[in-house]
Amino acid sequence: MSEVVHYGRQGRVAVISIDSPPVNALGQAVRQGLLDLIARAQGDDEVDAVVLTGKGKAFSAGADIREFGKPALPPSLPDVINAIEASGKPVIAAINGVALGGGLELALGCHYRVAGPFASLGLPEVKLGLIPGAGGTVRLPRLAGARAAIDIITAGDPLKAEAAEAAGIVDRIAEGDVVAAALQVLEEGVTGRRTRDLAVDAKAETFAEARAAIAKRSRGLVSPLACVDAIEGAATLPFDEALAKERSLFLSCLASPQRAGLVHAFFAPREAAKVPGIGPDVKPRKVETVGVIGAGTMGGGIAMCFANADIPVTLLEMKAEALERGLATIRANYEATRAKGRMTAEEIETRMALIRPSLDYADLAGADLVIEAAFESMAVKHDIFGTLDLVCKPGAVLATNTSTLSIDEIAAATGRPQDVVGMHFFSPANVMKLLENVRGKATAPDVQATVMEVARRIGKVGVMVGVCYGFVGNRILHARNREAIALVNEGASPQQVDKALTDFGFAMGPFATSDLAGLDVGWRIREERRKANDPEVDAPNWLDTLAEKGRFGQKTRAGIYRYEAGSRAPIPDAETDALIAAYRAAQGIAPRAVDETEIVERCMFMMVNEGARILEEGIAARASDIDVVWLNGYGFPAFRGGPMFWGQQHGLDRVLAGIDAFHARLGTKPWQAAPLLRRLVAEGRGF
Ligand code: 3HC
């Protein structure tokens, strides 16, 4: 008897259930258990049919991802599924919850599929740099047709039970208990059929069209095209040959660095949720009502995050006009979602009703959590936190959305620094996944647990970091952008730098991103710091000149690039080139040719080096937390796993040698290698 797969009997039906918490992944023990128990059912004279199901919330989440990269142990999943399909007694899948990847493939090998109304089914392998490797590309097209199979497999998004039924993947939706419904199917005399015996409905041109569409959107990802190759195999080859082709494509994806990066990107946020020092014994504080201070772009977006999660939020402003404007923007954002068909008018009203406008701090007296999203100045923050200290109830969590200022200094404005914490949202706050939570010296453990829990409730990826200028994300961004600017100063063009980094896989290059964020933001911060004689701030350069000329980026239709009305496509601009040329001349720089490799290495090595410093200072608890920040807040290509993972994959020794070479050539302080990096390389270790 297997411990992770159980065999039970209901009359003359064997009920085989996978019981391997938390998600019934198909590790070696489960595969062996399934194979043994299917064989047992074949030989059991008192059994005429089999129902296959999962215990708990999942049918099965698929292959055990933790086994990837390790030697494969028999039996293989395709062998298990083939044995199920070959069974002489009908096997009905009773899909009680998620059936993903190998989990769905298991169900596709059964002869009939009944799904619970809340089941979700999909083949998400492409998101892990893989293709379905246990018959998914060969069986799904037989049920849903090649066109639909391509869409489902190359997008990797799960379908709800009803959509899966409409696509032909599920035969019946259960009204009550899914195992009872499967038994009912058998009672009706239905025995199903083998998926392998069905023909694939496919048009020859479908594959060429799919490849063209994928080439446009997949930015260097290998697995989506491999999915199409495998599905084409299903349409053109005999069943067993198509399975063999799928297996070979699967194994080559499994061995790829992209798969390693994407699997890292899958586990890293789950790891980040476990904050060192905050064990399961630390209970988060209750958060039922929230206050947000500031109805600007950030404050409004933050308020939407809570309304979207059904959490009532008081939105506080100092002036009625600003409040009205903020509310109008929120409504307009919701209307834009409705225009795309993703929201109804009633839903808008429900969410707007959850946002209570206020001009009076006293309205925050009962809030469990208050998030300040006001102007980025320590004096302003001190005023606000001093007031919050007076009006908020004891135990309320007092958070700031600051992206640069010290949480410890802000906390000092209150008599309860243990309740003060950073919650750094990314713009647009209602869209971006990342929530960089920042703990100060005094932040209480249960306050830390609270903001991590809040991140989860509002659908964000939370990462806990420590206090330093720019925290993790912006600190590395500044280091990377400084290098991008230096490359332009030396002779590259902004578009050349952007292209090198988008070819690397970034969603946008640094200069196009600066235009989107607004050049005025950084310029004003630099000006403030220069006025304060901050020795760390960079000397004025051509970017400051652009901002001085009112070229703030996309919002003024001119920044580093120019923009046609109504378009976000950056167009290189001669005026910018002239400003850069003038800057170089004034600095006595003779421009030189800069190649793509140098651009990527200088930007990436700088990120790894700054990340290593951040780790060494204890600002981030783990290298993978830094990766989570960049993957979810800055459009870092997921298939590269994040900057730290990339550095490791590239070879930390190569990264260090590159850093030393750039230091020898450029001599600047940021190019001094982080001691941690040097130590790890000397010891032959990774982060
Ligand atoms: N293998 C191993 N561990 C898995 C896993 C898997 N397939 N899926 C989830 N887990 C682990 C998570 O790491 C997490 O572990 P932790 O508690 O130690 O951090 C735990 O299970 C719970 O997962 P979540 O926190 O993600 O729980 P949720 O309830 O939010 O989500 C889920 C559940 C929807 C199943 C989600 O975990 C998920 O999407 N999992 C991945 C599914 C997937 O990609 N399957 C395809 C695998 S590849 C494959 O099958 C190849 C085949 O074609 C041969």
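The protein chain exposes about 28800 Å², of which carbon and sulfur atoms supply 55%; accessible areas come from the Shrake-Rupley method with a 1.4 Å probe, and for residues only the protein chains shown count as cover. The structure is a predicted model, in which local features need pLDDT of at least 70 and side-chain atom pairs count only at pLDDT 80 or more, while totals for chains, interfaces and linings use all residues. Residues are numbered from 1 along each chain as its sequence is written, and side-chain values use heavy atoms, with hydrogens and water left out.

Turning to the overall fold, the secondary structure of the protein chain comes to 28 helices and 18 strands, taken as DSSP runs numbered from the N terminus (helices H or I, at least four residues; strands E, at least two). The radius of gyration of the protein chain is 28 Å, close to the 26 Å that the globule rule gives for 687 residues, so the chain is as compact as a globular protein of that length. This radius is taken over C-alpha atoms, and the rule is 2.2 Å times the number of residues to the power 0.38. Along its principal axes, the C-alpha trace spans about 85 × 60 × 55 Å. Buried residues (under 20% relative accessible area, 1.4 Å probe, protein chains only) make up 53% of the 687 residues. Of the contacts (heavy atoms within 4.5 Å) with a separation of 6 or more, 72% join residues 24 or more positions apart.

Gly 156 follows H5 and has a positive phi, near 80°.

Next comes the ligand. A shell of 25 residues surrounds the ligand, the closest being Lys 57, Ala 61, Gly 102, Glu 105 and Glu 125; a residue belongs here if one of its heavy atoms lies within 4 Å. The shell divides into 14 nonpolar, four polar and seven charged residues, with Ala, Val, Leu, Ile, Met, Phe, Trp, Tyr, Cys and Pro counted as nonpolar, Asp, Glu, Lys and Arg as charged, and the others, Gly among them, as polar. Helix H3 (102-109) and helix H11 (257-272) each supply at least two shell residues, and H11 gives the largest share, three residues.

Definitions and conventions
Buried means under 20% relative accessible area, exposed over 50%, partly exposed in between (1.4 Å probe, protein chains only).
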